[in-house]
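Try each task before reading its solution.

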Amino acid sequence: MEPHEELLEWATNQGIKLDGITPTRIPGRGIGLIATRTIKPEEILLDIPTSCLRSIATVPRSVTRKLPSSISVHGLLAADLALDTSTKYDIWNAVCPTPEDFSSMPLVWPNELQEMLPRPGQVLLRKQQAKFSRDWEEVSAAFPDLDEAQYQYAWMLVNTRTFYYLNGRLKKRNKEDHMCLQPVADLFNHADEGCNVSFDDEGFSIKATSAYAAGDEVKICYGGHSGDFLLVEYGFVMDDNRWDEFPLDDFVLPKLDSRQKERLEEVGFLGKYVFDREAVCFRTQVALRLVCCGVREWKRFVNGIDDGEASQNKVDKVLLDIFGQLDGYIEENRAAVIRQEIGSPGQKELLLKRWQQIKDLVVANISNLGMRN
Ligand SMILES: C[S@@+](CC[C@H](N)C(=O)[O-])C[C@H]1O[C@@H](n2cnc3c(N)ncnc32)[C@H](O)[C@@H]1O
């Protein structure tokens, strides 16, 4: 019997109810959940009782009493996973990714490749590294025999498999501590739109929001995440992501002089410029209008008195210039990844795919601008 088939039997004995879905190995996505029959919107596909959750409440005293009470729940759950020598979760563990599977996580990439991530990915990775270091410092001080690689593996399991969760104990903590692990539900892969996930005192419930045919993969949405976020936090890239976006600050800010930056600061529009597949954000429109039109006309646009139509053509020309520069920057980075000899082929393929996705966003915008002008 395959581990995911054994998991089904174990899950049923624990009171977990699956209806119309079953775990299956899916090329390139590990294990996922597949519809075994036609599913209608609003059908409950999975029910997980609270007794099956692994949360702050289930971490044994032998672990919690040695750690500072301020440790993050992420760090605590990872310590529990790494130190657990019982057989209680063997069947669940057997379906989890192996340490080798996590070679797609930028956290374990060689520095040379990490530095080739697009800027937003590098920022996210630095935050993640800082979180991991903090947790490891506390856990290694309490459990000096624990191996760092083993803890990092457990930490990545928690990073990629937890659900938003709140109970009496977690209410007192920061939002980023509101999490738990749950078997079977952690086999849902991500899509930019997916089933509805909810919980109450009884447990979690996952409900279809659209129809599925037998054989379709049923997914949930981990959140409205950009491609850089998915790569750094979950170790995969996904095309056709309606939430994908990329920052433009490095290209917009150099077009502004210090007085223009001051003016933008005064109205709360300095920085945080982004674009997605459709267009640039309103903040970018505001910043570039300051480059393209007089201050009075710009103020009318900011205050919503002017719809900006009269200056759109000039703004679009600046945008075309920006996208041209960004395109050149992407090509330089792609060429550097191809030249890079350090890192595995799989890691470099992920990086190249991410750069390609950003290029696709740029090309879509250049085409939209071309159609407008
Ligand atoms: C919560 S787990 C989902 C189950 C996972 N596939 C497994 O085999 O255990 C999250 C991980 O699944 C993978 N994943 C989720 N959605 C994906 C997608 N749309 N494409 C590729 N991999 C995906 C990533 O490795 C991610 O870190």
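**Exercise 1. Which residues of helix H12 (residues 295–302) are buried, and what covers them?**

Start with the ground rules. This is a predicted model, in which local features need pLDDT of at least 70, side-chain atom pairs count only at pLDDT 80 or more, and totals for chains, interfaces and linings use all residues. Residues are numbered from 1 along each chain as its sequence is written.

Step 1: apply the burial cut-offs. A residue is buried if 20 or more other C-beta atoms lie within 10 Å of its own, exposed if 12 or fewer, and partly exposed in between, with C-beta atoms placed from the backbone. Helices (H or I, at least four residues) and strands (E, at least two) are DSSP runs, numbered from the N terminus. In H12 the buried residues are Trp 298, Phe 301 and Val 302.

Step 2: look down the axis. The buried residues of H12 fall within an arc of 100°, so they line one face of the helix; the arc is that of the directions from the helix axis to the C-beta atoms. As a reminder, an α-helix has 3.6 residues a turn, so residues three or four places apart point the same way.

Step 3: find the cover. Helix H11 (282–292) is included in what covers the buried residues of H12. Here, two residues are in contact if their C-beta atoms, placed from the backbone, lie within 7 Å.

Step 4: go on past the end.

**Exercise 2. How does the span of helix H7 (residues 148–161) agree with its 14 residues, and what do its buried residues pack against?**

Step 1: work out the span. The expected value is 1.5 Å times one less than the number of residues. For the 14 residues of H7 this gives 20 Å, and the end C-alpha atoms are 20 Å apart, which agrees.

Step 2: check the burial. In H7, 11 of the 14 residues are buried, so the helix is mostly covered. Among them are Tyr 151, Trp 155 and Arg 161.

Step 3: list the partners. The buried residues of H7 pack against helices H3 (73–83), H6 (119–142) and H8 (227–234), together with strands S5 (162–164) and S6 (179–181).

**Exercise 3. Which residues come nearest to the ligand, and how does the shell divide by type?**

Step 1: A residue is near a molecule if its C-beta atom, placed from the backbone, lies within 6 Å of it. Of the 16 residues around the ligand, Gly 30, Thr 160, Asn 189, Tyr 234 and Phe 236 come nearest.

Step 2: assign the elements. Strand S3 (31–35) and H7 are the elements that give two or more residues to this shell.

Step 3: sort by type. Ala, Val, Leu, Ile, Met, Phe, Trp, Tyr, Cys and Pro count as nonpolar, Asp, Glu, Lys and Arg as charged, and the others, Gly among them, as polar. The shell then divides into 7 nonpolar, 6 polar and 3 charged residues.

**Exercise 4. Is Cys 195 buried or exposed, and which residues does it touch?**

Step 1: Cys 195 is in strand S7 (residues 190–200).

Step 2: count neighbours. Cys 195 is buried because it has 26 C-beta neighbours inside 10 Å.

Step 3: follow the contacts. Leaving out residues up to four places away in sequence, Cys 195 touches Leu 45, Ile 206, Lys 207, Ala 208, Thr 209, Val 218 and Ile 220. Ala 208 is 13 residues away along the chain, with 4.7 Å between the two C-alpha atoms.

**Exercise 5. What is the phi of Asp 240, and what is the phi of Lys 272?**

Step 1: recall the background. Most residues other than glycine have a negative phi.

Step 2: take Asp 240. Its phi is positive, about 50°, although Asp 240 is not a glycine. Asp 240 lies in the loop between H8 and strand S10 (246–247) and is exposed, with 10 other C-beta atoms within 10 Å.

Step 3: take Lys 272. Its phi is also positive, near 65°. Lys 272 lies in the loop between helix H10 (258–266) and strand S11 (274–275) and is partly exposed, with 13 other C-beta atoms within 10 Å.
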